[in-house]
Amino acid sequence: SCILRSLYNASKLFDQQMVNSTDSVNYEYELVILSDMIEECENSPVGKLFFTKNGIARAKRKMENYDPIFSLANINISIVPTGSLDIYHEKYLNPDVIESIWDSVFVRADVPITNPNHFNYINNIPGRLTECMEQSLASE
């Protein structure tokens, strides 16, 4: 999965929405990432990138030197770990190592990772989103 490229694409969509919206000040933008957060990409913005035991040292150096050309500053981000991030997997690293690598990327993309109102690793879709979805379905 090419997560880094997906983050870039998401930032462009949010930027476009904010520019085109006549009332963007009154909206909260949400990005929910359902992923194991294991970057396995032949063509990421930093080249070939694999979060495996054998490739993690090189991947970590590449990610630490990556200067994102995008910002997710005004986006609430929730990461719902799937698969390998929430359970140790022999092929991959400890989830804490993977989180620390991504945290360094999010910080450089202007994400306030220490503010739980804007950035979280959580176990389910955020409650505020499921409530909005339920209200929307009820009004139809």
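Analyst: One term to begin with: buried means under 20% relative accessible area, exposed means over 50%, and partly exposed lies in between. Also, this is a predicted model.

User: Ok. How many disulfides does a search of the whole structure find?

Analyst: The search finds one disulfide. It joins Cys-2 to Cys-41, with an S to S distance of 1.9 Å.

User: Where do the two cysteines sit in the chain?

Analyst: Cys-2 lies in the segment before α1 (3-20), while Cys-41 is in strand β2 (residues 40-44).

User: Is Cys-2 buried, exposed or partly exposed?

Analyst: Cys-2 has a relative accessible area of 30%, so Cys-2 is partly exposed. Cys-41 has 0%, and therefore counts as buried.

User: Switching to Asn-76. Which strand is Asn-76 in?

Analyst: Asn-76 is placed in strand β4, which covers residues 75-81.

User: Why does Asn-76 count as buried?

Analyst: Because the relative accessibility of Asn-76 is 4%, and the cut-off for buried is under 20%.

User: What does the side chain of Asn-76 make a polar contact with?

Analyst: The side chain of Glu-30, at 3.3 Å.

User: Which residues does Asn-76 touch, leaving out those up to four places away in sequence?

Analyst: Asn-76 touches Glu-28, Tyr-29, Glu-30 and Leu-31, along with Asn-117, His-118 and Arg-128.

Notes:
Residues numbered from 1 in each chain as written. Predicted model: local features only at pLDDT ≥ 70, side-chain atom pairs only at ≥ 80, totals over all residues. Heavy atoms only, no water. Helix = DSSP H or I, 4+ residues; strand = E, 2+ residues; numbered from the N terminus. Buried < 20%, exposed > 50% of the residue type's maximum accessible area, 1.4 Å probe, protein only. Polar contact = N/O pair within 3.5 Å; in protein donor to acceptor, adjacent residues only side chain to side chain. Contact = heavy atoms within 4.5 Å. Disulfide = S-S within 2.5 Å.
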